[in-house]
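Reader: I am new to this structure. Can you show me how to read it, feature by feature?

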Amino acid sequence: MIRALRVREHEAFPQVYVVEFEDGSERLATVNMAPGIKVYGEQLVNIGGKEYRIWNPYRSKLAGAILKGLKTNPIKPGIKVLYLGVASGTTPSHVSDILGPSGILYGVEFAPRVMREFIEKVAAYRTNVVPLLADARFPSKYAHIVEAVDVIYADIAQPFQSKYVADNADMFLKKGGWIMMAIKAMSIDVTKAPSETYKREMNELEQRGYKVREALHLEPYDEAHAFVVAQKT
Amino acid sequence: MAKKYLFITPLAVYILDEHGEPIAFYKLYRDSMSREEHVRLLYDMEQGRLSEKILEFIASNIKKEDELVVEDNDLGRFISNNLKDARVESATRGDAILKARENLTSIIEKTVGVKPQEYYSLVHELMLQLTRLKVKEVAEKRDLFVAQAINALDDVNKTINLFASRVREWYSLHFPELDELVEEHEDYFKVVSNIGFRSKMTKERLKELGIKDDVAEKIVKAAQSSMGADLTEFDLEAIRLISDTGLRLYSIRRSLEKYIDEAMYEVAPNIRGLVGSLLGARLIALAGGLDKLAKLPASTIQVLGAEKALFRALRYGAKPPKHGVIFQHPLIHRSPKWQRGKIARALAAKLAIAARIDAFSGEYRADELREDLEKRVEEIKTLYAKPPVKPERAVKAKKGGKKFRGEKR
Ligand SMILES: C[S@@+](CC[C@H](N)C(=O)[O-])C[C@H]1O[C@@H](n2cnc3c(N)ncnc32)[C@H](O)[C@@H]1O
């Protein structure tokens, strides 16, 4: 395996790192909050006494978005995140790394099998992660657990995703807080051109009072996916 | 008339005024309370149920003319059904509750006396436990599905063998040499279904089907000089009906295996982690469910699936079997005979623990269990490296009946 040489913090995003390898290549990484433990077979590298987890943009849309030049990344150390659709925890584990011990991630997932994986690979080792086996379409079902959050990150690939995200944001998002949402064109409506679906989902957010601040395509890291950042004003 | 808001948190229930300030609270969490009780309480709330005491607390803090806003519909309904005079409204867009939610940790600290850091670690623990409980509950009802699936898998395997023998015998009338050249049933089916006539066998086509180079060459050669009878399209169609079905059965087999593997992850992750999904599912099927398996002593798990041999032993005083289906585990069948019984015992002991964790707590500890087991097996291998010297024994009478692999002693 090619050796990692150096590491530097990302210019814009705290706790996001860029690892330089021997062959001149560079990869994103985060500092592993659960040393020694891999979540999805990612590479672990040791530099200067710290363990970094290489963050794969082909597996994680947030990493893809960062490499595609995302301007606002509200996910910072110490903040509170409500994450809809954690699946087995690929992206959530990196978000947990970024938040660090003083932040908190409430992770919602409704498929029991993947939730089990999420618990055993991610939540069990990370004190800043609170697992919630629940349906993101019914936020009142976890309203007694979740506090107000700074960011809602949504990756639930549902038709009318924006409606559900806005429902969650109405209940849990602080004023000035952020929505980050991956929109999968195909699973929302296959009959329409991708761009049309993105537009519709963004309109829905705007109508519900959330200002879209940024939108980008994730190609080549992800086909037919867009990434949207919006704010509660 | 005033609007009041019900605000529920993991440690206390609050009544808020219109500005989101708590005017009364009821502690859910007490030092005397066990973690299990606390988890149960949160679980009930999620199901839309509140305890007597919480209802009393609500009743004593709202006046007749007050309107109580509750976020969750089910809880709202529960309260209005149980407190006849209460005027309950469900709404999820109240600034009052959002405001309290923003101050959650400081409200908790003031009222319950739990500091933020401690609060978060409590919530982390509680939800870890509650979520495990819920995942387990979903899975519990699925163990019998897995048991059926493994039985179906056995049916499929039997049918594959049956059809394979039939197709081999039938197609051999046309191309007898193929039978020995292609050992894998699936490959045989592929050749018959996709190429059919031996005159059409070419190296390229055979390789497309995934047949190895040298074998393909032999097949082509054999086809050119075959002694088999000629075949008409009419005859071939009939053979293909069965061969195609054979191929379809292989694809069903793969889907079933995948289903079992995924379902086992949910139903019995520790058993799966220890012995793999198929063997694990087979044990669940033999026991009649995960709960039943979890209640069996290790010594019974050790011989599950060897009932015939066990009864024979009881009846005729023969030696009892050392292993049932767990013989299928490579640690056992790849070991020399004289070590198998000991390894089987060690494996069964770990299986008993794994089954209990799966049935009762749902945590994942298979990796430790497997490491322990491997250590123990290493020990056995060094302690009993040589076969024991057999004492002279009288020639034993052979009782009839076929020996099963799983019942060997
Ligand atoms: C694309 S995956 C998420 C991957 C994850 N965000 C990551 O990057 O590692 C989508 C997940 O959302 C879950 N999901 C879909 N609809 C949901 C809903 N209504 N409530 C909760 N989870 C949902 C699915 O079960 C699936 O695991």
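Author: Start with the names of the elements. Helices and strands are DSSP runs, numbered from the N terminus. This is a predicted model.

Reader: In which loop is A:Pro220 placed?

Author: A:Pro220 sits in the loop between strand 11 (210-217) and strand 12 (225-232) of chain A. The peptide bond from A:Glu219 to A:Pro220 is cis, and its omega is near 0°.

Reader: Now salt bridges. How many does a search of the whole structure find?

Author: The idea is a pair of side chains: a nitrogen of Lys or Arg within 4 Å of a carboxyl oxygen of Asp or Glu. Over all chains, the search finds 46 salt bridges. One pair is A:Glu42 with A:Arg53, whose closest N and O atoms are 2.9 Å apart.

Reader: Why does the pair of A:Glu42 and A:Arg53 tie together parts that are apart in sequence?

Author: Check where each partner lies. A:Glu42 is in the loop between strand 3 (26-31) and strand 4 (44-47) of chain A, while A:Arg53 is in strand 5 (residues 50-54) of chain A, so the pair links parts 11 residues apart in sequence.

Reader: Next, the interface. How many residues of chain A are in contact with chain B?

Author: Count both sides. On chain A there are 36 residues in contact with 38 residues of chain B. Then look at area. About 3300 Å² is buried between chain A and chain B, and carbon and sulfur atoms give 60% of that. A:Arg113, A:Arg116 and A:His144 supply 24% of the area that chain A buries against chain B, more than any other three residues.

Reader: Which polar links cross the interface of chain A and chain B?

Author: The rule finds 16 residue pairs in polar contact there. It also finds 4 salt bridges across this interface. In one salt bridge, the side chains of A:Lys141 and B:Asp72 meet at 2.9 Å, N to O.

Reader: Which elements give two or more residues to the side of chain A that touches chain B?

Author: Among them are strand 7 (104-109), helix 3 (112-123) and helix 4 (161-172) of chain A. Helix 3 of chain A gives the largest share, 8 residues. By class, this side of chain A has 20 nonpolar, 3 polar and 13 charged residues.

Reader: Last, the ligand. How many residues surround the ligand?

Author: List the shell, then look for close polar atoms. The ligand is surrounded by 18 residues, and the closest include A:Tyr83, A:Thr91 and A:Glu109. The shell divides into 9 nonpolar, 4 polar and 5 charged residues. Helix 2 (residues 90-99) of chain A gives the largest share of the shell, 3 residues.

Reader: Which polar side-chain atom lies 2.9 Å from a nitrogen atom of the ligand?

Author: That atom belongs to A:Asp155. Backbone atoms take part too. A backbone N or O atom of A:Gly85 lies 3.2 Å from a ligand nitrogen. For a polar backbone atom of A:Phe110, the distance to a ligand nitrogen is 3.3 Å. As for cover, the ligand on its own has 610 Å² of accessible area, and the protein covers 83% of it.

Note on methods: Residues numbered from 1 in each chain as written. Chains lettered and ligands numbered in written order. Predicted model: local features only at pLDDT ≥ 70, side-chain atom pairs only at ≥ 80, totals over all residues. Heavy atoms only, no water. Contact = heavy atoms within 4.5 Å. Buried area = accessible area lost by both parts, 1.4 Å probe. Polar contact = N/O pair within 3.5 Å; in protein donor to acceptor, adjacent residues only side chain to side chain. Helix = DSSP H or I, 4+ residues; strand = E, 2+ residues; numbered from the N terminus. Nonpolar A, V, L, I, M, F, W, Y, C, P; charged D, E, K, R; others polar. Near = heavy atom within 4 Å. Areas by Shrake-Rupley, 256 points an atom, 1.4 Å probe, with all protein chains shown as cover.
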